[in-house]
Number of protein chains: 2
Amino acid sequence: MHVLPPYRRILLLTEGQLGAFTSKTAAALLRYRPADVVGVLDSHGAGSDVRAVIPWSPPVPIVADMAAAGPLSPDALFVGIAPPGGALPGPMRQQIADALAAGVDVVSGLHQFLADDAELAALASRNRARIFDLRRPPPERTIASARALSTRCRRVLTVGTDGNVGKMVAALELTGAARRRGLRAEFLATGQTGAMIAGRGVVIDAVVSDFAPGAVEELVLSAAGADVCFIEGQGSIAHPGFSAVTLALVHGACPDAMILVHHAGRKCYSAAPHLRIPPLAELQAAYESAASLLHPARVVGVALNPLGCDPKLARAEARLLAQELRLPVCDPIAAGCDGLLDAIIANTTDHD
Amino acid sequence: MHVLPPYRRILLLTEGQLGAFTSKTAAALLRYRPADVVGVLDSHGAGSDVRAVIPWSPPVPIVADMAAAGPLSPDALFVGIAPPGGALPGPMRQQIADALAAGVDVVSGLHQFLADDAELAALASRNRARIFDLRRPPPERTIASARALSTRCRRVLTVGTDGNVGKMVAALELTGAARRRGLRAEFLATGQTGAMIAGRGVVIDAVVSDFAPGAVEELVLSAAGADVCFIEGQGSIAHPGFSAVTLALVHGACPDAMILVHHAGRKCYSAAPHLRIPPLAELQAAYESAASLLHPARVVGVALNPLGCDPKLARAEARLLAQELRLPVCDPIAAGCDGLLDAIIANTTDHD
């Protein structure tokens, strides 16, 4: 598991890519860690307020370079993009080098490790700045053995119909809703953006296969004292490229309950558009069977992400799913998570 | 995928650990590649014939050191053990160094990479010897997309009730049986020992999670022209530590049929003895459900490994399983695989 220092003055690097879709990591940090972000580093939109591009942003400036960022006194630069392939875009490299030269830590979720770049590593060491490559597999190499079952807290896993449907958002919104009810709730991050938001986590798809379920287990054990933990899911159990990671989460976490997350209107996998997503009832059964090999768990609700979908069609799909699956269905951002949380509480008990 | 040169004069390194159980990799090479092995390098039993220790071995000598191995003209040294943790035992290191100094290639499946040892790497380069670390993840990084479905050949996956039950042996024996019937059959290795036997393969549990199903897919595509391929399975779909790797194989290979492999008498996981192995009927259903999310596949037979089990009890378990599952059940080594092969042929068709 990676644990980041408690940064409170984060600068987000989006260099030329600032946008709700193009810099999704930055956009998520602006939504879920607004109090800790002091600005966005991007020479393209410099001078304006981030709210002009990301409506939910706190009122923070876009600055052109590290010199302009100086008055913001950043304590870390977070790489705010997650491009397919995960290589470092050229224009970003100079900004990162400048941050390290100014003694500012850099946190990255790219596949390409910044600390393996000799020049960046030398700059970091010379200026006492640290580089955190969140995709670097953790040193712990544990073979899972269902130790998650020994934790007291209720374990809830968000599972999906595809990658990139909103499993992190559902887990974060559920964590917020549980805390508002006075529960000690923990969000457990399994992806780079989640780990940046939580300040700790493991990027599970970057872990060597043999140790992926064990890494999830460690993460769940780290929240053993909470009332409830919400584990960020990944992929889909039916997706040929992602299902192994998904099962590592299901069997590493041994959930008591699952929330199925779907992107309204999506019929085929976004990364394999020749393959149709199975019906949600079939996926529900597959998740429940897989989980129950170790610990009985039901899908107790559906989080429906309507982003980019005609609102009328999304509402119709929500009604249809609620009827067909006989489960609460809601959009966690627009409608809140109380219905889902009620279902979770009704269907799980403390492991005292 | 790793591809080894076509070695024909292999020396097996077991240094102090020669035995059917203690040097399982060496023992398997002696069984499945007897014509290519010229001797065993082990200072402990030096001077005697390997048959004194491994009954199924060809008549080859045990030699104490590389000097004594000289007359055997080895073209490669294969590390013949697979210790838990995978570190290189001290006494083996000198033998490996001597082999490299003599210009002999070294093939290893250890977790600890020999090529990362500066002294061994220097010796190799100075003497034009190559080091093959089979657990080093392949450079290809493919996200699987069910491309295995496009192959013409029948795809058969051995699946298990636990790790270390005989899935490799079942796949190898099935490959032999199919070839004896005149079929173009390929064994596809997914573990270190299998890769040493086949001369190519991928050690799937060493691949980063995101790319594990893709690596299986590549392997299956490499046998697209065969009549039938037998993919070496790993782990178990219900084992908390192994299930993710297992599902990478199921969804990477998209099998047409599966053979369930079980170790007679085993009730609990050998690496997690506090957990009971689910009933075979339940595992059969779990494998069939998981596979069918992408491509319908049935478990069509059971390979029962009686090693170390009272023969009477093993026979009774075989009868019980055959009755309960209504499937052919056999010990691939003692009884041959014809029953299983018949079931495979009866339950699959060419994808022409």
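This is a predicted model: local features need pLDDT of at least 70, side-chain atom pairs count only at pLDDT 80 or more; totals for chains, interfaces and linings use all residues.
Leaving aside neighbours within four places in sequence, A:Ala101 is in contact with A:Leu123 and A:Asn127. A:Arg126 is also worth a look: 25 residues separate A:Ala101 and A:Arg126 in sequence, and their C-alpha atoms are 7.9 Å apart in space.

Over in chain B, B:Gly70 sits in a loop, the one between helix 2 (66–69) and strand 5 (76–79). With 38% relative accessibility, B:Gly70 counts as partly exposed too. B:Gly70 and B:Ala99 are 29 residues apart along the chain, with 10.0 Å from C-alpha to C-alpha.

B:Thr246 tells another story. This residue lies in helix 8 of chain B, residues 243–253. What does B:Thr246 contact, leaving aside neighbours within four places in sequence? The list is B:Gln234, B:Gly235, B:Ser236, B:Ile237 and B:Tyr287.

B:Asn305 belongs to strand 15 of chain B, which runs over residues 298–305. Its side chain reaches the backbone oxygen of B:Val165 at a distance of 2.7 Å. B:Val165 also turns up among the contacts of B:Asn305 beyond four places in sequence, together with B:Gly166, B:His262, B:His263 and B:Ala264.

Next come the nonpolar cores. The largest has 112 residues, and the ones with the most contacts inside it are A:Ile204, A:Ile237, A:Tyr287, B:Ile204 and B:Ile237. Take A:Ile204 as an example: away from its neighbours within four places in sequence, A:Ile204 is in contact with A:Thr190, A:Ala212, A:Ala215, A:Val216, A:Gln234, A:Val245 and A:Leu249, and also with B:Ser209 from chain B. There is a second, separate core as well, made of 52 residues, and B:Val37, B:Val50, B:Leu341 and B:Ala343 are included in it.

That leaves the place where the two chains meet. Chain A brings 36 residues to the contact, and chain B brings 36 residues. Between them the chains bury about 2,800 Å², with 63% of that area on carbon and sulfur atoms. Which three residues supply more of the area buried by chain A than any other three? They are A:Ser209, A:Pro240 and A:Leu293, with 21% of what chain A buries against chain B.

How many salt bridges cross this interface? The rule finds zero. Polar contacts do show up, though: ten residue pairs are in polar contact across the interface, with both residues at pLDDT 80 or more. On the side of chain A that touches chain B, the elements giving two or more residues are helix 7 (212–221), helix 8 (243–253), strand 14 (272–276) and helix 9 (280–292). Helix 8 of chain A has the largest share of that side, with six residues. Sorted by kind, the residues on this side of chain A come out as 23 nonpolar, eight polar and five charged.

Definitions and conventions: Residues are numbered from 1 along each chain as its sequence is written. Chains are lettered from A and ligands numbered from 1 in the order in which they are written. Side-chain values use heavy atoms; hydrogens and water are left out. Contact means heavy atoms within 4.5 Å. Buried area is the accessible area (1.4 Å probe) that two parts lose on being put together, summed over both. A salt bridge is a side-chain nitrogen of Lys or Arg within 4 Å of a carboxyl oxygen of Asp or Glu. A polar contact is a pair of N or O atoms within 3.5 Å; within protein, one must be able to donate a hydrogen and the other to accept it, and residues adjacent in sequence count only if both atoms are side-chain atoms. Helices (H or I, at least four residues) and strands (E, at least two) are DSSP runs, numbered from the N terminus. Ala, Val, Leu, Ile, Met, Phe, Trp, Tyr, Cys and Pro count as nonpolar, Asp, Glu, Lys and Arg as charged, and the others, Gly among them, as polar. A nonpolar core is a set of buried Ala, Val, Leu, Ile, Met, Phe, Trp, Tyr and Cys residues joined through side-chain atoms within 4.5 Å. Buried means under 20% relative accessible area, exposed over 50%, partly exposed in between (1.4 Å probe, protein chains only).
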